[in-house]
Amino acid sequence: MKIAKRIATAVAFAGAAMMAQGAMAADISNPDTALDLSGGSGFFGHAITGNNVANTFADHYTFTVGAGSSIFADTFSSSGNAKNGLDILDLSLFNADGLVLKGTQLSTGKTDQWELSSGPLAAGNYFLLVTGTVLSKAAGSYTGSATVSAVPEPATYGMLLGGLGLVGALARRQRKSSDAA
């Protein structure tokens with residue numbers, strides 16, 4: 001009788017452990033997606049169907065930048081109330097060495113909004129990571145945009161100052177010749 005109770009207890013614990021694993025959140029991430037920033041900006045997002053409550057996502061948006069470029073990115077999700085839709089947990093920028101910059105949360109609840117803005121970046125491959133959780137059985141989505149802009153190198157500033165000096169010298173020379181006439 002004691003052996004039967006022990007076996008029943010072991011079976012009950014094993015069943016509970018298996019059910020607990022089944023109750024874990026599923027990963028519903030998009031596959032890694034290339035973000036085309038060749039025109040200076042690009043858009044990204046994720047539409048999530050209903051019946052995904054408590055599931056999580058970690059979406060990667062990959063892109064390449066030249067030396068000295070900076071990036072501004074934001075992501076936005078809105079729902080009928082704070083208990084529906086998505087909870088965006090993070091927006092971050094990574095390169096091959098790891099985390100470069102974490103985003104800033106601007107609002108949460110009915111509307112989730114995050115943004116990040118970098119200084120000059122080294123040339124190379126990067127990715128934006130958007131993570132979150134589905135809050136309800138209702139469908140939800142987020143959208144985002146990224147803008148990349150080139151930051152002039154010091155040599156560019158030198159050429160600009162040299163050009164301004166040349167224009168000033170020509171204007172001065174023209175003024176002297178018109179004064180002499």
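1. Phe94 is buried, because its relative accessible area is 18%. Buried means under 20% relative accessible area; exposed means over 50%, and partly exposed lies in between (1.4 Å probe, protein chains only). This is a predicted model: local features need pLDDT of at least 70, side-chain atom pairs count only at pLDDT 80 or more, and totals for chains, interfaces and linings use all residues. Residues are numbered from 1 along each chain as its sequence is written, and side-chain values use heavy atoms, with hydrogens and water left out.

2. Now the aromatic rings. A search of the whole structure finds four aromatic pairs. Rings of Phe, Tyr and Trp (its six-membered ring) pair if their centres lie within 6.5 Å; planes under 30 degrees apart count as stacked, over 60 as edge-to-face and the rest as tilted. One of the pairs is Phe44 with Tyr61: the planes stand at 35°, so this pair is tilted, and the ring centres are 4.6 Å apart. Phe44 sits in strand β2 (residues 41-48) and Tyr61 in strand β3 (residues 56-65), 17 residues apart. Strands (E, at least two residues) and helices (H or I, at least four) are DSSP runs, numbered from the N terminus. Phe44 and Tyr61 are both buried.

3. Phe94 pairs with Phe127, and this pair is stacked: 5° between the planes, 5.0 Å centre to centre. The pair links distant parts of the chain. Phe94 belongs to strand β5 (residues 86-95), Phe127 to strand β9 (residues 124-134), 33 residues apart.

4. Gly68 lies in the loop between β3 and β4 (69-78). Gly68 is buried, because its relative accessible area is 15%. Gly68 and Ala123 are 55 residues apart in sequence, yet 7.1 Å apart in space, C-alpha to C-alpha.
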